[in-house]
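Let's take a walk through this structure together, one stop at a time. Keep the sequence and the 3D view side by side as you read.

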Amino acid sequence: MASIFGDSHLKNVRLVTPQTTKGCQDCIAAGTRWVHLRLCLTCGHVGCCDSSPMKHASAHAQTPGHEIVQSFEPGENWRWCYVHEKYV
């Protein structure tokens with residue numbers, strides 16, 4: 001059942017602190033590169049976008065309860081639900 005906001009996953013959104021501000025935390029650990037960054041709005045995980053080779057943000061979004069991300073790029077202020085594949 002969808003929430004009154006149109007996306008049932010919005011209930012998992014929290015006020016988060018990014019776990020890093022230096023880039024994709026998984027790419028940093030693996031020594032790989034990223035294109036753009038996404039912030040998990042449940043836990044603060046910073047992952048790389050689907051245009052990046054490793055797609056860490058969408059991999060992280062497979063964790064139950066971590067479906068909503070926000071762009072972590074300067075000047076961008078949008079949110080995305082990976083399950084519903086739509087902006088929220």
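**A lysine in a loop**

Lys55 has a relative accessibility of 39%, so this lysine counts as partly exposed; that label covers the range between buried, under 20% relative accessible area, and exposed, over 50% (1.4 Å probe, protein chains only). You'll find Lys55 in the loop between β2 and α2 (56-60). Those labels come from DSSP runs numbered from the N terminus, where a helix is H or I with at least four residues and a strand is E with at least two. Lys55 has a positive phi of about 50 degrees, although it is not a glycine. Most residues other than glycine have a negative phi.

Before going on, a word on the ground rules: this is a predicted model, local features need pLDDT of at least 70, side-chain atom pairs count only at pLDDT 80 or more, and totals for chains, interfaces and linings use all residues. Residues are numbered from 1 along each chain as its sequence is written, and side-chain values use heavy atoms, with hydrogens and water left out.

Glu85 is another non-glycine residue with a positive phi, near 50 degrees. Look for Glu85 in the loop between β4 (79-81) and β5. With a relative accessible area of 62%, Glu85 is exposed.

Now for the sheet. Its 5 strands are arranged in the order β2-β1-β3-β4-β5, making an open sheet with antiparallel pairing. Two strands count as paired if DSSP finds at least two bridges between them. At the edges sit β2 (46-48) and β5 (86-87), each pairing on one side only.

Zoom in on β1 (residues 37-40), which pairs with β2 in the antiparallel sense over 3 bridges. In that pairing, Leu39 has Val46 as its bridge partner, while Arg38 is partnered with Gly47. The two strands form a hairpin with 5 residues between them, and Gly44 in the turn has a positive phi of about 90 degrees. β1 also runs antiparallel to β3 (residues 68-71), joined by 3 bridges; here the partner of Leu39 is Gln70.

In a regular strand, side chains alternate between the two faces of the sheet. In β1, Leu37 and Leu39 point one way and Arg38 and Cys40 the other, and all are buried.

Last stop: Thr17, in the segment before α1 (25-30). Thr17 is exposed, at 64% relative accessibility. Leaving aside residues up to four places away in sequence, Thr17 touches Cys43 and Gly44, where contact means heavy atoms within 4.5 Å.
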